[in-house]
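Keep the structure open beside you as you read.

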Amino acid sequence: MARILITSALPYINGIKHLGNLVGSQLPSDLYARYMRARGHEVMFICATDEHGTPAELAAAKAKKPVAEYCAEMHEVQAELARGFRLSFDHFGRSSSPENHALTQHLAGRLKAAGLISEVSEKQIYSNADGRFLPDRYIEGTCPNCGYERARGDQCEECTKQLDPTDLINSRSAISGSTDLEVRETKHLFLRQKAMRDQLRAWIKSKSDWPVLTTSIALKWLDDGDGLQDRGITRDLDWGIPVKDGEKDWPGMEGKVFYVWFDAPIEYIAATAEWAHARGLGDDAWERWWRTDKGAEDVRYVQFMGKDNVPFHTLSFPATLMGSGEPWKLVDYIKSFNYLNYDGGQFSTSLGRGVFMDDALSILPADYWRWWLLSHAPESSDSEFTWENFQASVNKDLADVLGNLVSRVTKFCRSKFGEVVPEGGAFGPREDKLIADLTERLRAYEDMMEAIEVRKSAGELRALWVLGNEYLQEAAPWSTFKTAPETAAAQVRLALNLIRLYAVVSQPFIPDAAQAIMTALNCDDWSWPDDTRTALATLPAGHAFTTPDVLFAKITDEQREDWQARFSGRRA
Ligand SMILES: [Zn+2]
């Protein structure tokens, strides 16, 4: 039994995520966590909401709520949607937790002691009326390029031109509208990543098994142009983790907070501490996952994320942990994803374009989405969601192949033998061949799941389902029954056991359907089919079951057209 630590990139707090976000980290990490648990490994699967930074402040202001209250509410909304999609986190934490405050401040103090923090003075716009420094996007004014009157200090949303706040005409505070702005000097902390460049390069180069996508992005940031730059890790904001040197004050940094990108990955660790504390466990319970001096030596740590998050996870976060001089567990494998596009364009949170997690669950059960998204995961390149493809994939793979098999076998058994596993008869060459074919496919499926090849895993699983259909088609127990009822009994006994096997191996992809099958089969034996023949004898003759309802309803053309129209424009 291995110990596997799995983290999903943290969804940002300011609203409901779309399906492109879901398939970029949370969903494939759940697939992997479920598979590893099913194989009997000890798994710690962690995610959390990323709650700090300017966008959270802006979203709270728009919702007319104090930011802490807004974040608490949105965390609950996201946690509920995660449950709806059956994301099996051991803990879904919050980056604003006391655990993350303490650990972030602790690590900053360690980095300071190691000489890896520098203090840099910068000029930034200060609003006298608001009594605070304004980040670029808190400043509004007229775009010098197109004349749009509500351009932001970092970019004009109308003409998309990148701007500096000082470019804006009639600049004003986006918070109060005040034009009483001035340029002031402010001091910030920088993580001296440049000083750690050789150490980071050696570490990245040692990861020969990482996907090319991950390594190429990391090395690009490390070496392109002037190479890796030192990174500002503090901000002049109210909302965030106050800058401290461990538990001590940090002179000159009063009123400042750590930058969200500094504290967010630290939350992977802090969320595991939240997990322990929520269960009344001591620190040793989480430290055995994260401290190599306290039991994490044999842990395999796998991270899941979209490609835009790779630089932070291959450079900044490892620099934080290595630089602390403490024996923190570093990532062993990074699984990164390209983007999922939506029906001829992009998913967009700001434009409300695409299908969002709450919409998705309001029209279809989670398994339908899980299956399509995972079987079309944007691994080697970007992929695209279209309603036609979604309809075809669900109807063919789930309804025609898997659902139909379950339905035919259980209904036929009920009509000829009653709702019990039939007895009598013996397996012949056809059954032996099926068992050999299944075994070969199962090993291929396991290999792909171990390698976190998500689409290929889905392909192998589908191939397993197809084998059962082909067998049933050839064996045709409904014909055999007329001349050799004993043989038909053996075939149906095998087919019922095959359905159970499918539930067990499909569970990481479609957990609800798997549970529905097991409930119908009146079975609670989820043991993995290490030996196919043994697994196909799990349900003995005489075992009672109930014929399940339709597992997967087909998506009609009418539904598809309706949804296509409904989700074509801006989300309300
Ligand atoms: Zn403009």
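## The largest cavity

Sorted by class, the lining of the largest cavity in this predicted model has 8 nonpolar, 3 polar and 1 charged residues. You can look for these residues yourself: Leu191, Gln193, Arg231, Ile233, Tyr259, Trp261, Phe262, Pro265, Phe312, Ser316, Phe317 and Thr320 surround the space, which comes to about 90 Å³.

Which helix gives the most to this lining? Helix 9 does, with 4 residues. Helix 7 (260-278) and helix 9 (310-323) each supply at least two residues.

## The second largest cavity

The structure holds 5 cavities of 30 Å³ or more. Helix 3 (residues 67-84) provides the largest share, 3 residues. By class, you will find 5 nonpolar, 3 polar and 1 charged residues here.

Now turn to the second largest pocket, with a volume of about 220 Å³. Helix 6 (212-223) and strand 16 (333-337) are the elements that give two or more residues to its lining, and strand 16 gives the most, with 3 residues. The lining has 5 nonpolar, 3 polar and 4 charged residues. Among the lining residues are Lys335, Glu379, Glu453 and Arg455.

## Charged partners

How many salt bridges does the count come to? The count comes to 43. One of them joins the side chains of Glu140 and Arg150, at 3.4 Å from N to O. Glu140 sits in strand 6 (residues 139-142), while Arg150 is in the loop between strand 6 and strand 7 (151-152), 10 residues apart. Are these two partners buried or exposed? Glu140 is buried because its relative accessible area is 14%, under the 20% cut-off. Arg150 counts as exposed because its relative accessibility is 53%, over the 50% cut-off.

Another salt bridge links Asp382 and Lys307, at 3.6 Å from N to O. This pair connects distant parts of the chain, 75 residues apart. Asp382 counts as partly exposed at 36%, and Lys307 counts as partly exposed at 22%. A further bridge, between Glu182 and Arg184, has a distance of 2.9 Å from N to O. Finally, look for Arg3, Glu42, Arg288 and Asp298, which are linked in a network of salt bridges.

Terms used
Residues are numbered from 1 along each chain as its sequence is written. This is a predicted model: local features need pLDDT of at least 70, side-chain atom pairs count only at pLDDT 80 or more; totals for chains, interfaces and linings use all residues. Side-chain values use heavy atoms; hydrogens and water are left out. On a 1 Å grid over the protein atoms alone, a cavity is a set of points where a 1.4 Å probe fits but cannot get out, and a pocket is an open set with protein on both sides within 12 Å along at least five of seven lines; lining residues have an atom within 4 Å of a point. Grid points are joined across faces, edges and corners, and a volume is the space filled by probe spheres set on the points. Ala, Val, Leu, Ile, Met, Phe, Trp, Tyr, Cys and Pro count as nonpolar, Asp, Glu, Lys and Arg as charged, and the others, Gly among them, as polar. A salt bridge is a side-chain nitrogen of Lys or Arg within 4 Å of a carboxyl oxygen of Asp or Glu. Buried means under 20% relative accessible area, exposed over 50%, partly exposed in between (1.4 Å probe, protein chains only).
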